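Keep the viewer open as you read.

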Amino acid sequence: MIITAAQLLEMVEAELAVLDDARVVAHVRALLVSPNPVTRGWDYGAADEAYPCWSVFEHNASNTGIAYCENGFGPRNPWGLVYLGGTEHMSMGMDSGWFPGFLDAYFESRAASDLPVWRVFQQLEDEYPGRPLSAEGSWDLTWAEVERLRALNPDHRYHCCQSIYRGEA
């Protein structure tokens with residue numbers, strides 16, 4: 001691993017510095033851990049191929065976290081959603097769980113669903129996520145409203161998303 005633990009924390013702090021939402025910043029900081037290396041299997045190579053990844057964020061309630069890895073999906077998408085434990089879940093996982101930035105990974109993580117920052121969006125044309133239709137609310141209630149609207153208007157596209165951060169992913 002070429003990057004250091006201190007550099008990783010600097011990278012996370014640089015991303016947090018662009019956020020205006022104190023709830024998200026506090027939530028992220030509460031779940032950050034001192035970066036530690038964890039060897040994770042690479043499912044796309046040889047049978048026992050594995051890479052060192054840095055564990056930087058842990059959401060114990062869901063047994064998930066965010067890791068940084070310069071190999072595998074990195075350097076293009078070095079921030080990944082990973083399981084914290086369980087022998088069958090200690091690989092790097094699929095490419096859809098790896099992102100160019102820490103906050104991209106955070107807002108796709110189970111941890112982000114703890115905060116009431118979710119809104120219903122109606123997608124118009126190819127513009128994702130579209131136009132916000134609701135105020136912020138919990139993950140579960142927002143998804144319930146998305147499903148209700150989808151059932152009422154099956155020809156329209158509705159999503160659950162947040163308005164706090166638009167990353168690269």
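Start with Gln123, which counts as buried because its relative accessibility is 9%. Buried means under 20% relative accessible area, exposed over 50%, and partly exposed in between (1.4 Å probe, protein chains only). The model is predicted: local features need pLDDT of at least 70, side-chain atom pairs count only at pLDDT 80 or more, and totals for chains, interfaces and linings use all residues. Residues are numbered from 1 along each chain as its sequence is written, and side-chain values use heavy atoms, with hydrogens and water left out.

Gln123 sits in strand S6 (residues 118–124). Strands (E, at least two residues) and helices (H or I, at least four) are DSSP runs, numbered from the N terminus. The Gln123 side chain reaches the backbone oxygen of Glu125 at 3.4 Å. Leaving out residues up to four places away in sequence, Gln123 touches Tyr128, Pro129, Gly130, Arg157 and His159. Contact here means heavy atoms within 4.5 Å.

Now the rings. The structure holds 13 aromatic pairs. Rings of Phe, Tyr and Trp (its six-membered ring) pair if their centres lie within 6.5 Å; planes under 30 degrees apart count as stacked, over 60 as edge-to-face and the rest as tilted. Tyr44 and Phe73 have ring centres 5.7 Å apart and planes at 75°, so this pair is edge-to-face. Tyr44 lies in the loop between S1 (32–41) and S2 (50–59), and Phe73 in the loop between S3 (64–68) and S4 (79–83), so the pair ties together parts 29 residues apart in sequence. Tyr44 is partly exposed at 46% relative accessibility. Phe73, at 15%, is buried. Phe73 also pairs with Trp98: the centres are 5.7 Å apart and the planes at 40°, so that pair is tilted. Elsewhere, ring pairs link Phe57, Tyr68, Trp79, Phe102, Tyr106, Phe107 and Tyr165 into a cluster.

On a 1 Å grid over the protein atoms alone, a pocket is an open set of points where a 1.4 Å probe fits, with protein on both sides within 12 Å along at least five of seven lines; lining residues have an atom within 4 Å of a point. The largest pocket is lined by 18 residues, with Phe107, Glu108, Tyr128, Cys161 and Gln162 nearest its centre. Helix H3 gives the most to this lining of the largest pocket, with four residues. The second largest pocket has 16 lining residues; Thr64, Leu81, Val82, Tyr83 and Gly93 lie nearest its centre. S4 gives the most there, with three residues.

Conventions:
A polar contact is a pair of N or O atoms within 3.5 Å; within protein, one must be able to donate a hydrogen and the other to accept it, and residues adjacent in sequence count only if both atoms are side-chain atoms.
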